[in-house]
Amino acid sequence: MSNALDQSLLEALLDSWDRNNTILVNLLRAVPAGGLAVRAMESSPSIAELFTHIHYVRLVFVSEDAPEFARKLPEEEWASERNPERIAQMLNESAKVVRDAVQSRVEVGGDMDLHYDHPALLLQHMIWHEGYHHGQIKLALKLAGRPINDKTAGAVTWGVWMRKKQS
């Protein structure tokens, strides 16, 4: 890193990634009992499968773009894991892998190997991808008559994005 401004920007970027993962795990924990099996349509992935897909995609992109940080890929991309704590553990682990890969590549001034012009674009892609599936999860729950109410969802999602860090 060349200067304090660059370091500050990297810290803000990594904080946005950490917040994104916190929001995703918060959403997982807000899914009502039995909700991991819910599907928007019969042919759609279950909510559990959407979460495990997110974990899988994180690991695939790191393996392709920063292979020195690669971890063993799960056997299934769309796994039907029903234990929310196990899913949370998976998400936290893959979030750290992505974070470490991006931080390392930025600090050494390195490019990503395959997809991105800058390591920050990997984070942006993951945040966009995960936000897309976040919406699918909430919609599937609504369609199943098991919505997460806005007050609950707002506190664990938008509140995380908008909260200033304590100095």
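Q: Is Trp128 buried or exposed in this predicted model?
A: In this predicted model, the class of Trp128 follows from its relative accessibility, and a residue counts as exposed when that value is over 50%. Trp128 has a relative accessibility of 62%, and therefore it counts as exposed.

Q: Which class, stacked or tilted, describes the ring pair of Trp128 and Tyr132?
A: A pair of aromatic rings is described by the distance of the centres and the angle of the planes. For Trp128 and Tyr132 the centres lie 6.2 Å apart, and Tyr132 itself is partly exposed, with a relative accessible area of 47%. Planes under 30 degrees apart count as stacked; those of Trp128 and Tyr132 stand at 10°, so the pair is stacked.

Q: About how many helical turns separate Trp128 and Tyr132?
A: An α-helix has 3.6 residues a turn, so residues three or four places apart point the same way. Trp128 and Tyr132 are four residues apart in helix H4, and the separation is therefore about one helical turn.

Q: Which class, stacked or tilted, describes the pair of Phe61 and Tyr116?
A: By the pairing rule the count comes to two aromatic pairs, and one of them joins Phe61 and Tyr116, with ring centres 6.2 Å apart. Both Phe61 and Tyr116 are buried.

Q: How many residues apart in sequence are the parts that the pair of Phe61 and Tyr116 ties together?
A: Phe61 lies in helix H2 (residues 47-65), whereas Tyr116 lies in the loop between helix H3 (84-107) and helix H4 (119-143). The pair therefore ties together parts whose separation in sequence is 55 residues.

Q: Which helix has the lowest mean pLDDT among the elements of the protein chain?
A: The mean pLDDT of the protein chain is 94, and 98% of its residues reach 70 or more. Among the elements, H2 has the highest mean, 98, while the lowest, 85, belongs to helix H6.

Notes. Residues are numbered from 1 along each chain as its sequence is written. This is a predicted model: local features need pLDDT of at least 70, side-chain atom pairs count only at pLDDT 80 or more; totals for chains, interfaces and linings use all residues. Side-chain values use heavy atoms; hydrogens and water are left out. Rings of Phe, Tyr and Trp (its six-membered ring) pair if their centres lie within 6.5 Å; planes under 30 degrees apart count as stacked, over 60 as edge-to-face and the rest as tilted. Helices (H or I, at least four residues) and strands (E, at least two) are DSSP runs, numbered from the N terminus. Buried means under 20% relative accessible area, exposed over 50%, partly exposed in between (1.4 Å probe, protein chains only). pLDDT is the predictor's confidence in each residue, from 0 to 100.
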